Amino acid sequence: MAELKDTIEELIEESYLMGRSESEIKADLDRFIDACEKVIREQVRDKGKLEDLAEKLVLARTCSLVSDLSDSGHEGGALREEGGQKSSAERFAEKVARNKRIILKAIGKCDPRLVDLIERERFPGVVREPKRPKVSIKPRKVLGERSHLLVLRFCYGLTLIFIFYLIYLVWFQKI
C-alpha cells in the first residue's frame with residue numbers, strides 16, 4: 001500500500017512538473033532542496049541522527065544517479081502512450097519527480113515526522129489532515145439484536161401496564 005501511495009505521489013509531482021520548462025523545474029528542485037535543508041537544520045539536533053540522515057541521503061542520491069544512468073541508455077526508446085517519444089523536458093521532469101520521492105523516502109526512513117514538516121514547508125497553504133487511528137466497528141448479529149429488542153419492548157409494555165394498574169388502585173382507593 002505504501003508503494004502505491006509513493007507511486008501516486010510521484011505521478012502527481014511528475015504531472016505538476018511536466019507543465020513547466022526545464023529552468024522552472026530546476027528552480028522547483030532548488031526550492032525543494034532548500035526546504036529539506038531548512039527543516040533538517042531546524043529539527044535535527046542529534047549528531048548521530050544527522051549523520052544517519054546524511055548517509056541515507058547520499059545513498060539515495062547514488063541510487064538515483066545510477067537509475068538515471070541506466071535510463072539514459074533507454075531514453076530513445078521511451079514511448080508516450082500517444083505513440084510519440086518523450087521530450088527532454090518530460091524526461092527531466094520524470095527524473096526530478098523520482099529523485100524527490102527517493103529523497104523524501106530516505107528522510108522518512110530516518111524520521112517520518114520530517115517528511116510532513118518538509119511538505120508543510122514546501123506547500124505552506126496546504127493543511128494535511130492528521131492521521132487518525134483506525135477504529136473497527138464490529139457488526140452486530142441481526143437475529144440477536146431483533147430478539148433483544150423484542151424482549152425490551154415486552155418489558156417496557158409490562159412496566160407501563162404495571163404503572164397504570166398502580167395508578168388505578170391508588171385512584172379508586174382514595175375515592
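**Notebook: lysines, helices and cysteines**

I looked up Lys49 to begin with. Its relative accessibility is 29%, so Lys49 counts as partly exposed (buried means under 20% relative accessible area, exposed over 50%, partly exposed in between, with a 1.4 Å probe and protein chains only).

I noted the ground rules next. This is a predicted model, in which local features need pLDDT of at least 70 and side-chain atom pairs count only at pLDDT 80 or more, while totals for chains, interfaces and linings use all residues. Residues are numbered from 1 along each chain as its sequence is written, and side-chain values use heavy atoms, with hydrogens and water left out.

**Entry: the chain**

I counted six helices and zero strands in the chain. Helices (H or I, at least four residues) and strands (E, at least two) are DSSP runs, numbered from the N terminus. Along the sequence the pattern reads α-α-α-α-α-α. The chain has 175 residues, and 22% of them count as buried. I then took contacts between residues at least 6 apart in sequence, and 71% of these join residues at least 24 apart. Contact means heavy atoms within 4.5 Å.

I went back to Lys49, which lies in helix H3 (residues 47-72). Which residues does Lys49 contact, leaving aside its neighbours within four places in sequence? I found Val44, Cys110 and Asp111. Lys49 and Cys110 are 61 residues apart along the chain, yet their C-alpha atoms are separated by 7.4 Å.

Lys100 sits in helix H4. Is Lys100 buried or exposed? It counts as buried, because its relative accessibility is 1%. Not counting residues up to four places away in sequence, Lys100 touches Glu13, Leu17, Asp28, Leu29, Phe32 and Arg122.

Lys109 is in helix H4 as well. I read 61% relative accessibility there, so Lys109 counts as exposed.

**Entry: H1 against H4**

Two packed helices are described by the angle between their axes and the distance between the axes. I checked helix H1 (residues 2-18) and helix H4 (residues 88-110), which pack at an angle of about 140° with their axes 8 Å apart. H1 is therefore oblique to H4. Axes are lines fitted to C-alpha atoms, for helices over the stretch in contact, and angles run from 0 to 180 degrees between N-to-C directions. Angles under 35 degrees count as roughly parallel, over 145 as roughly antiparallel, 65 to 115 as roughly perpendicular and the rest as oblique.

I listed the residues that meet. The H1 side includes Glu13 and Leu17, and the H4 side includes Ala97, Lys100 and Arg101. The residues of this contact divide into five nonpolar, no polar and 11 charged. Here Ala, Val, Leu, Ile, Met, Phe, Trp, Tyr, Cys and Pro count as nonpolar, Asp, Glu, Lys and Arg as charged, and the others, Gly among them, as polar.

**Entry: H4 against H5**

H4 and helix H5 (residues 112-122) pack at an angle of about 135°, with axes 5 Å apart. That makes H4 and H5 oblique to each other. Lys100 turns up again on the H4 side, and Arg122 is among the H5 residues. I sorted this contact into seven nonpolar, one polar and four charged residues.

**Entry: cysteines**

How many disulfides are there in the whole structure? The search finds zero. A disulfide is a pair of cysteine sulfur atoms within 2.5 Å. Cys36 counts as buried because its relative accessibility is 5%. Cys155 has 38%, so it counts as partly exposed.
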